[in-house]
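Here is a short tour to read with the model open beside you. Take the topics in any order you like.

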Amino acid sequence: MTLKIVKNKSEKSACRLFVGTSGYSYTEWADAGFYPSGTKSGKMLPLYARHFPVTELNYTWYQMPRAEAIERQRKLAPPGFLFAAKLTRTLTHEIDPHNWPGQALRYRNGVSPLMQAGQLLAVLIQLPPSFTRTPPNRKHLAALLDKLYGMPLAIEFRHRSWATDSVFAELRRRKVTLVSVDEPDLPGLFPALDVVTNPDLFYVRFHGRNARNWRSGNMQHQFDYNYSDEQLHEWAEEKIKSMSRQANRGVLFFNNHVRAQAPENAGRMVGLLKEKGFAVECANVQSYT
C-alpha cells in the first residue's frame, strides 16, 4: 500500500512544467502595463524573464537566425532560461524545392548557440493549414525531419488530415514532439489532443478561440482572445494532467498576444497549476534583483 501511494504522488510531481508566451517583443505590452511605459524592444527580454522561464522566438520564422545575433539575445536572459525557436518560413510555408536543404543547414548553424548552451527547448516546425497530408507533403516533412535530426523537434500541424494514429506512431519512432493546440473548433483545423509522442517533452500552444476572426488575415483580430478561468481549469484537469503522466517536461505557450492577454493568461495558468500540485518552473530573477 505504501508503494502505491508513493507512485501516485511521484506521477503528479515528476513532470516539470514551463509556462510562457509566444514571443515577448510587443510594444503594445508596454501600453497594456506588462512592461514599463516606453520600454524598447531590445530591453524587453530581461524584463520578460522576471516573470517566465521560457519563450518562443517569433522572428526566426520571418528571417533566418544568425548565430551572433542569437548569442547576444541568449546573454540577455538569466542562466537556465529556455527558448523554443520557430523554424524559418522558407522551410515550412515558402518551400524552395531546390534550396531548402541548404537553408536547413543555415538554420541549424544559426541556433547553434542555444544548442551548445543547453537552452534550446525545441525547434517549432509550424506548418500552415494548406499543408495537408498528401504524398508530396509527407515526403518533404520526412526529409526535413531527417535534415534536422539531432535537434529537439516539435511539430504543429494546422490541418486535421494529420490527426491519425500512423502519424503519431512515426513521430514516436523519431522522438519528435506533437504540438497540442487550443484554437477555434472550425472545419479542417487540427483538433485539441492530449497525445504525447515524445517522453522528453510535451508542448501546448494556446492560440485563443476567436472563431469569428480566425481567418480574417489580421493577427490583431485572429489572436484577440482572453481565456476564462474555467477554460484554463479544464485544460489543467484534463489534458495537462494526462500529458504530464507521459512526459518528463511540458511547455505551455500562450499566443493570444493582443493587449498583453498572453502574459496575463500565462500568469493565471501558472497559479492554477501550482494550486493543483503540478511542478511548475519559476523564473530566475537573481540576475535582475
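Let's begin with a pairing: serine 22 has glutamate 56, in S2, as its bridge partner. Please keep in mind that this is a predicted model. From that bridge we can move on to the neighbouring strands, then to a helix, the core and the aromatic rings.

**Strand S2 and its partners**

- S1 and S2 run in the parallel sense, paired over 2 bridges.
- S2 also pairs with strand S3 (residues 82-86), again in the parallel sense, over 4 bridges.
- In S3, alanine 85 is the residue that stands opposite leucine 57.
- In a regular strand, side chains alternate between the two faces of the sheet.
- How are the faces of strand S2 (residues 54-57) covered? Val54 and Glu56 are buried on one side, Thr55 and Leu57 are buried on the other, and both faces are covered.

**Helix H12**

- Helix H12 takes in residues 261-275, which makes 15 residues.
- The buried residues of H12 are Gln261, Ala262, Pro263, Asn265, Ala266, Met269, Val270, Leu272 and Leu273.
- What covers these buried residues? The cover includes strands S1 (16-22), S7 (202-206), S8 (249-254) and S9 (279-280), along with helices H2 (27-31) and H11 (229-244).
- After H12 comes glycine 277, with a positive phi near 90°.

**The nonpolar core**

- In soluble globular proteins, nonpolar side chains tend to be buried together.
- Here the largest nonpolar core has 86 residues.
- Which residues have the most contacts inside this core? They are Phe157, Phe202, Tyr203, Met269 and Leu273.
- Leaving aside neighbours within four places in sequence, phenylalanine 202 is in contact with Cys15, Leu17, Thr177, Val196, Ile240, Met243, Ser244, Ala247, Arg249, Gly250, Val251 and Leu252.

**Glutamine 222**

- Glutamine 222 belongs to helix H10 (residues 219-222).
- Is glutamine 222 buried or exposed? With a relative accessible area of 12%, glutamine 222 falls under the 20% cut-off, so it counts as buried.
- Beyond its neighbours within four places in sequence, glutamine 222 is in contact with Asn210, Asn213, Trp214 and Ser216.

**Aromatic rings**

- The structure holds 19 aromatic pairs.
- One of them is stacked: phenylalanine 131 and tryptophan 162 lie 5.7 Å centre to centre, with 10° between the planes.
- This pair links distant parts of the chain, 31 residues apart: phenylalanine 131 is in the loop between strand S4 (120-126) and helix H8 (135-147), and tryptophan 162 is in the loop between strand S5 (153-156) and helix H9 (165-174).
- Phenylalanine 131 and tryptophan 162 are both buried.
- Tyrosine 227 and phenylalanine 254 form an edge-to-face pair, at 5.9 Å centre to centre and 80° between the planes.
- Tyrosine 227 is in the loop between H10 and H11 and phenylalanine 254 is in strand S8, so this pair ties together parts 27 residues apart in sequence.
- Tyrosine 227 is buried, at a relative accessible area of 1%, and phenylalanine 254 is buried too, at 0% relative accessibility.
- Ring pairs also join Tyr24, Tyr26, Trp29, Phe34, Tyr35, Tyr48, Phe52, Phe81 and Phe83 into a cluster.
- Finally, the charged end of lysine 239 sits over the ring of tryptophan 235, 5.4 Å from the ring's centre.

Conventions:
Residues numbered from 1 in each chain as written. Predicted model: local features only at pLDDT ≥ 70, side-chain atom pairs only at ≥ 80, totals over all residues. Heavy atoms only, no water. Core = buried A, V, L, I, M, F, W, Y, C linked by side-chain atoms within 4.5 Å. Buried < 20%, exposed > 50% of the residue type's maximum accessible area, 1.4 Å probe, protein only. Contact = heavy atoms within 4.5 Å. Expected span 1.5 Å × (residues − 1). Pairing = 2+ DSSP bridges. Phe/Tyr/Trp six-rings, centres within 6.5 Å; stacked < 30°, edge-to-face > 60°. Lys NZ or Arg CZ within 6 Å of the ring centre and 35° of its normal.
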